[in-house]
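This report walks through selected features of the structure shown below. Please keep the sequence and the model side by side while reading.

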Amino acid sequence: MSTQEQAASKKEFILTCEGLNKSFDGFKVIDDLNLYIDKGELRTIIGPNGAGKSTFLDLITGRIRPDSGRIEFGPGEGVQLTKMREHQINRLGISRKFQTPSVYSDHTVYDNLLMSLNRNRGVFATLFYRETPADRERIDEILETIRMTEKKQLIAGSLSHGQKQWLEIGMLLAQDPKLLLVDEPAAGMTDEETERTGELLLSLAGAHSLIVIEHDMVFVRQIATKVTVLHQGSILREGSIDHVQSDPRVVEVYLGRQHEK
Ligand SMILES: Nc1ncnc2c1ncn2[C@@H]1O[C@H](COP(=O)(O)OP(=O)(O)OP(=O)(O)O)[C@@H](O)[C@H]1O
């Protein structure tokens with residue numbers, strides 16, 4: 001689809017980024033970026049180190065502000081994110097999962113999910129809160145989604161790296177996000193964990209929209225329907241995994257250099 005066609009069908013997009021720019025100390029990290037994410041889509045973003053992938057997620061979540069450009073969230077006349085604060089953007093339903101898992105190590109898997117479910121109730125209310133049957137049902141549902149029902153009474157600190165990552169994804173799901181931003185989920189995982197993570201992310205698409213940043217091309221192939229290749233802060237190529245993997249420019253600036261790392 002051309003940029004004009006994309007702009008014309010904007011009503012369907014969960015995220016619309018147009019003319020986005022961001023420099024650090026005069027160095028352009030995001031360069032006139034136009035990027036559109038469909039509602040329910042799982043988009044994978046790849047690209048060399050320093051291409052601006054993490055910066056792009058920072059701009060969406062309000063961690064940093066763009067120098068210029070628009071980021072709209074939601075179909076139709078979306079909400080303009082660029083002037084909002086991080087917690088306001090989070091409350092709209094945009095959640096980010098960083099590379100390192102962050103769970104409450106001394107608590108059980110179940111309690112971690114319960115605490116996430118209660119996050120919006122505030123600390124004081126949470127201290128004295130007893131879960132309702134609806135909460136228990138929701139937690140059971142999430143446990144099933146992340147395939148950790150049998151692990152629910154385990155202390156989170158005793159889980160494997162992969163299990164911690166799935167738990168954290170579950171904790172984000174407890175907040176019912178519309179858009180999930182996931183930073184290198186397969187990093188540090190075994191092949192089996194990587195595959196399960198791919199299955200999990202694929203199962204979330206549709207009901208949620210997802211942007212996944214990843215370097216592991218086996219994993220990208222497993223999850224990717226549409227891949228965006230970011231290079232020097234703008235889109236180098238976009239399309240199916242086969243399309244981008246066979247593109248000489250993508251091979252030149254990224255795939256051909258991966259083994260050098
Ligand atoms: N807060 C900051 N201040 C100054 N420079 C920054 C800041 N954040 C990022 N950069 C620079 O911006 C460029 C893009 O970084 P970014 O982390 O977005 O790349 P990336 O595509 O995520 O790379 P990687 O694959 O290595 O994570 C890099 O040159 C980085 O050093």
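**A helix pair**

Axes are lines fitted to C-alpha atoms, for helices over the stretch in contact, and angles run from 0 to 180 degrees between N-to-C directions. In this predicted model, helix α4, which covers residues 109-117, packs with helix α6, residues 133-145, at an angle of about 120°, and their axes lie 10 Å apart. Because angles of 65 to 115 degrees count as roughly perpendicular and those over 145 as roughly antiparallel, α4 is classed as oblique to α6.

The crossing of α4 and α6 is right-handed. On the α4 side the residues that meet the partner helix are Tyr110, Leu113, Leu114 and Leu117, while α6 contributes Asp135, Arg138, Ile139 and Ile142. Sorted by class, this contact of α4 with α6 holds six nonpolar and two charged residues, and no polar ones.

**The ligand shell and helix α2**

The residues around the ligand are Phe24, Val29, Gly47, Asn49, Gly50, Ala51, Gly52, Lys53, Ser54 and Thr55. By class, this shell comprises three nonpolar, six polar and one charged residues, and its largest share, three residues, comes from helix α2, which spans residues 53-61.

Helix α2 is itself largely enclosed by the rest of the structure, because seven of its nine residues are buried. The buried residues of α2 are Lys53, Thr55, Phe56, Leu57, Asp58, Leu59 and Ile60; of these, Lys53 and Thr55 are also listed among the residues around the ligand. After α2 comes Gly62, whose phi is positive, near 85°.

With 15 other C-beta atoms within 10 Å, Arg147 counts as partly exposed.

Glu184, in the loop between β7 and α8, likewise is a residue other than glycine with a positive phi, in this case near 40°. Glu184 has 19 other C-beta atoms within 10 Å and is therefore partly exposed, since a residue is counted as buried if 20 or more lie within that distance.

**Ile235 in strand β10**

Ile235 belongs to strand β10, residues 234-239, and is classed as partly exposed because it has 17 C-beta neighbours inside 10 Å. When its neighbours within four places in sequence are left aside, Ile235 is in contact with Leu33, Leu35, Thr228, Val229 and Leu230. The C-alpha atom of Ile235 is separated by 39 Å from that of Met115, a residue 120 positions apart along the chain.

Definitions and conventions. Residues are numbered from 1 along each chain as its sequence is written. This is a predicted model: local features need pLDDT of at least 70, side-chain atom pairs count only at pLDDT 80 or more; totals for chains, interfaces and linings use all residues. A residue is near a molecule or strand if its C-beta atom, placed from the backbone, lies within 6 Å of it. Helices (H or I, at least four residues) and strands (E, at least two) are DSSP runs, numbered from the N terminus. Ala, Val, Leu, Ile, Met, Phe, Trp, Tyr, Cys and Pro count as nonpolar, Asp, Glu, Lys and Arg as charged, and the others, Gly among them, as polar. Angles under 35 degrees count as roughly parallel, over 145 as roughly antiparallel, 65 to 115 as roughly perpendicular and the rest as oblique. A crossing is left-handed if the near helix is turned anticlockwise from the far one by less than a right angle, and right-handed if clockwise. Two residues are in contact if their C-beta atoms, placed from the backbone, lie within 7 Å. A residue is buried if 20 or more other C-beta atoms lie within 10 Å of its own, exposed if 12 or fewer, and partly exposed in between; C-beta atoms are placed from the backbone.
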